[in-house]
Amino acid sequence: MAVAECIFCKIVAGSEECHELYRDETTLAFMDIHPANEGHCLVIPRAHFATVFEMPPQSFAAVAATVAKLARAVNETLRPGGLSLLQANGEIAGQTVPHVHVHVLPRRAGDNLPINWDRNRVGDPVHADAVHLAALARRIRARLE
Ligand code: 5GP
Ligand code: ZN
């Protein structure tokens, strides 16, 4: 997608409206137009990156710093009980706007947002296997070197 067509770049440029919450030199935070929950807001880098894979880690660190500020402010404003942070890369992961963004999602008992998988489920026999986990960890570590 061309940057000129990107809805979040238009918001950064001021040619599309938003309910702005915060901005600094490199990041912007605003209310989500279709909130999944009361208080749902977004943090984006002001520069266009489609996914986190294209983004220098220090640019993501700047977004994370704004997320931390905003999460605290939303939590103090709404006292929701909990708060989830979510960031999707690629359609398979649920990304619909190809400009990096972190969702700040206040959470309330019984809200049933479909991001709560069962953390206590018994692992599947292949992917939770200790040998498999060790081999996979080795492959990922090699990419980090
Ligand atoms: P994704 O599905 O990519 O993880 O999240 C995209 C988010 O952007 C959605 O929650 C959607 O409601 C929000 N969104 C899409 N278009 C606009 C817009 O024009 N303005 C605002 N404020 N949010 C938008
Ligand atoms: Zn963009």
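Along the chain, the donors of the zinc ion (ligand 2) follow the spacing C-x2-C-x38-H-x50-H, where donors are N, O and S atoms within 2.8 Å of the metal (3.2 Å for Na, K and Ca), and where sites may look incomplete since water is not among the atoms. This is a predicted model, in which local features need pLDDT of at least 70 and side-chain atom pairs count only at pLDDT 80 or more, whereas totals for chains, interfaces and linings use all residues. Residues are numbered from 1 along each chain as its sequence is written, chains are lettered from A and ligands numbered from 1 in the order in which they are written, and side-chain values use heavy atoms, with hydrogens and water left out.

The protein donors themselves are Cys6 (SG), Cys9 (SG), His48 (ND1) and His99 (ND1), which lie 2.0 to 2.3 Å from the zinc ion (ligand 2). Because the four donor atoms subtend angles of 106 to 118° around this ion, the arrangement is tetrahedral, a word that applies to four donors if all angles lie between 85 and 135 degrees. Ideal angles for four tetrahedral donors at a metal are 109.5 degrees. Cys9 is buried, with a relative accessible area of 12%, while His48, at 23% relative accessibility, counts as partly exposed; buried means under 20% relative accessible area, exposed over 50%, and partly exposed in between, using a 1.4 Å probe and protein chains only.

The protein chain has three helices and five strands, and from the N terminus on its elements run α-β-β-β-α-β-β-α; helices (H or I, at least four residues) and strands (E, at least two) are DSSP runs, numbered from the N terminus. The C-alpha trace spans about 50 × 40 × 25 Å along its principal axes, and of the 145 residues of the protein chain, 30% count as buried.

In soluble globular proteins, nonpolar side chains tend to be buried together. Here the largest nonpolar core has 12 residues in all, including Ala29, Cys41, Phe49 and Val63, such a core being a set of buried Ala, Val, Leu, Ile, Met, Phe, Trp, Tyr and Cys residues joined through side-chain atoms within 4.5 Å. The elements that give two or more residues to this core are strand 3 (41–45), helix 2 (57–78) and strand 5 (102–107), and the largest share, four residues, comes from helix 2. Apart from this core lies another, of 10 residues, among them Cys6, Cys9, Val12 and Leu42.

Two further buried residues deserve a look. Thr27 lies in strand 2 (residues 27–31) and counts as buried at 0% relative accessibility; its side chain makes a polar contact with the side chain of Thr66 (2.7 Å), a polar contact being a pair of N or O atoms within 3.5 Å, of which, within protein, one must be able to donate a hydrogen and the other to accept it, and residues adjacent in sequence count only if both atoms are side-chain atoms. His101 lies in the loop between strand 4 (82–86) and strand 5 and is buried, with a relative accessible area of 4%, and the side chain of His101 reaches the backbone oxygen of His99 at 2.6 Å.

Technical notes:
Tetrahedral: all angles 85-135°; square planar, octahedral: opposite > 155°, others 65-115°.
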